[in-house]
Amino acid sequence: MFSSKLRSILSRISGLTGDQNGLLTAVKILFYPGLVASLAIALIVIIVQQSGSLQPLELRMFDLLVRLQPKKKPDSRLLVVTITEADLKTQGWPLSDEVLAETLAQLQQYQPLVIGIDIYRDLSQPPGTEKLLSQLQADNIIAITNLGIPRIPPPPSIPPVRIGFNDVPVDPDGVIRRQLLFAGTEEETLFSFSLQLALFYLKSQGIEPKNYSQNPNYMQLGQGVFVPLKAWSGGYASLDDQGYQILLNYRGSQIAKSISISEILAGKLKPSLVENKIVLIGATAPSLKDVFLTPYSATALNEAMMPGVFVHAQMVSNIISVASQNWGINTPQTLNQSPRLFWFLPPGLEPIWIGIWAMIGGCVTWAIRHPFKQGIAISLGLLFLLGTGYVFFVWKGWLPLISPALAFVLTSISVIAYKQVYYLSHDPLTGLPNRISFLNKIEGKINSRRKKNIFCGILFLNVDRFKMINDSLGHQAGDQLLIELVKRLKTCLRTSDIIARLGSDEFAILIENLRQPENGICVAERIHQALISPFYLQEQEVFRTLSIGIALNDSRKGTAEELLRNANTAMYQARSQGTGNYQVFEPKMIVDGKQHLQLETDLRLALERQEFVLHYQPLISLTTGQIIGLEALIRWQHPERDLLFPDEFMSVAKETGLIIPMGQWAIKEACHQLKRIEDRYGRNFEFIMGVNLSSRQFSQPDLVEEIQDIILESGINPRNLRLEISESVLMQDVDETISLLLQLKAFNIRLSIDDFGTGFSSLSSLNRFPVDTLKIDRSFISQMEANGEGENFVIVETIITLAHVLKLAVIAEGVETLKQVEQLRLLGCEFAQGFYFLRPVPVDVALAFIESDPRW
């Protein structure tokens, strides 16, 4: 009904909705530690920020952003008349009243809009005092005064409306970033020097100050509303906000064109520089020390400082640009260049701003596992924060950047450190406790439950054939399977139960408060029931089962480690019975497990000590009654337990992979024995040596090359070698099996299907296999005589008929009576072997038996 991709999506949704706490659990696993760390670090950073400790760094960041913002051309509405070192040499200091008066006269003849004298001039400096007083009477002259201690009065005879105080407030680090527009006392309101100049200019443009309609305490000039700085504005945390201050929007390191007094007196002044302009006269000579640190100072190695007259020019340009919405340049302005005042986050939003970046740092570093990727994420996060702050700054928004950056980095580092500790006790993929953490958690619980005579159960789970998923679909699909499996397992458990991941495909579950031991079995059955529906991996349906071992703490003794080991032992017992089974631990399993371990050790030593031998069983032609070959069967001459048969050690050999070197040895030994027989009777003597190939050998990538090397090394006639492969092995991957058999067949080797009838052969595939014989399993032969002409007889007859139709010879194994021989001859079976003829015997007995040339 649904596509496989849609079914995959639906299964994931159902996995979450099936678990009432699924979403909460997912959030807890992915983000909970990150959120906790974020809130804690954000609170600490906010406290530190409010204390003012971060203000110096925030101010340095402001300076950096000022230097990075797009540069604007010099303000064409301003002219700065400078007093340079050269002027001091020619005119002396202080300048005489005559020099200053002549300078004003030269400027006035070209009709400036307003002239601001940024020179303290409370005392006369003859000669030329009367001439200077006459020039100061002009209504476009603005003079400066100092309100500090000691107070420096303005020049005499200038009315208060044309006097402004020095408006250069300095931050604690000595840098000028703000300007004071006006300050009030009980008697009067005093305007700053730069504001006086700006108001004079703006009045000519038809712009006059007024109270802002929405807040009468704010001044409005044109469309610009001058909102005063507060103690917490922007990156400030402790600001002297007395008076009416605004943040200074620096135009650039070069504010306007300039000309020296000496040049003016020499007649080099052009009318276009002065006409309708704002002219500021001030000292720029370094020896006069009327210089200040600005945001641009850090760009020079010598801490370059800006003269006060240029600072005042910056302030005048800032005010008139905002009021007139014009930068005072002739080129078109883009939207982000429109002049405006700085704005700041409200104080209530700054903690949120810091908290957001703390949470970003915490959640991102928690979600990312790889250290290198974490470093990249932190770097990108800081770049994004800086970029965000820069964009806002270009739009005249000054946001704190150091405090959120500090919160972001500290949270990221704390989460990374927490993860390092966390993953010492938890699985990174599933977030489940690992083995050590699991054992620590259950030890106390087991002991407390013992005192109350309440059972605790451990379920040890192993994913059946998990390696096949990794090999066929990839490790990413394997990881997805484990994640989905954990979700299903949680739906089968209570919130008090503990699940842990012990290995790549191994899990353990602690079931608490088991009133009856049978309840542990109920949980195992519930888990098996939850795995009936398929998993959807890479748009494929995949079914998987679990082998489950169950152990209960029904003993007054024992530790959590022993209980887990018992559950593991029971799981192996369940897996030995096939996939999808469970088994409850019994004490005798420990004995069996120790024997299993000892057997594995002995097997490895047996290979080194060459304790394996081959016994041979004759193959009889039912047509002639003669021996036509042997089957080589492996035996183990155990040093303590005498001769062991395959059913006593073969399962362990397959499980440990020792079956591969054992099989290699068996084929080599059988071929060398075949070579001895050929040398005795002649190479062209047709005598078949049958050898079994195990499933592990058959899956070896170099099997063909290995068989070829053995044939060449032994020097046998390959026609006399028959490899026997069980039916179930052949059917695992038909196309790949056929390709491998064809490669073996190319050596002229005989091939046989062993134990035919016990597997799940497809008749459509059987005729494709390049084999020579079918070997009927002994289970059918043993019941044929007792069954008379019944069902088993008919099965054997059907197999023989099928083989003949496919032009294959038939071997019956397990023949034990004369009656069975007669029945097989009647059915047309070509060959037989079994105890009736001879049991498997050592090579010397087999050769002597062949020499006796028996007939049947």
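Two strands are taken to pair if DSSP finds at least two bridges between them, and strands (E, at least two residues) and helices (H or I, at least four residues) are DSSP runs numbered from the N terminus. By these criteria, strand β1 (residues 78-83) pairs with β11 in the parallel sense over four bridges, and Val-81 stands opposite Ile-259 in β11. The model is predicted, so that local features need pLDDT of at least 70 and side-chain atom pairs count only at pLDDT 80 or more, whereas totals for chains, interfaces and linings use all residues. Residues are numbered from 1 along each chain as its sequence is written, and side-chain values use heavy atoms, with hydrogens and water left out.

In terms of pLDDT, the predictor's confidence in each residue on a scale from 0 to 100, the protein chain averages 86, and 90% of the residues score at least 70. Over residues 1-27, by contrast, pLDDT stays under 50, and the model has 20 contacts (heavy atoms within 4.5 Å) beyond four places in sequence for this stretch.

The pairing of β1 with β11 belongs to an open sheet of six strands, ordered β4-β3-β2-β12-β1-β11, in which the pairing is parallel. The edge strands, each of which pairs on one side only, are β4 (163-165) and β11 (257-260). Neighbouring strands of this sheet are turned by 25° against each other on average, direction ignored. Helix α6 (residues 97-108) lies across β1, β2 (114-118), β3 (141-145) and β12 (278-283), and runs at about 160° to β2, where axes are lines fitted to C-alpha atoms, for helices over the stretch in contact, and angles run from 0 to 180 degrees between N-to-C directions.

In helix α31 (residues 843-851), Ala-846, Phe-849 and Ile-850 are buried. These residues cover an arc of only 100° around the axis, which puts them on the same side of α31, the arc being that of the directions from the helix axis to the C-beta atoms. The cover over the buried residues of α31 includes β22 (612-621), β23 (627-638) and α22 (659-681). Asp-853, which follows α31, has a positive phi, near 50°.

Arg-722, found in strand β26 (residues 721-726), is likewise buried, with a relative accessible area of 3%. Not counting residues up to four places away in sequence, Arg-722 touches several residues, among them Leu-619, Ile-688, Arg-750, Thr-773 and Ile-811.

How values were computed. Buried means under 20% relative accessible area, exposed over 50%, partly exposed in between (1.4 Å probe, protein chains only).
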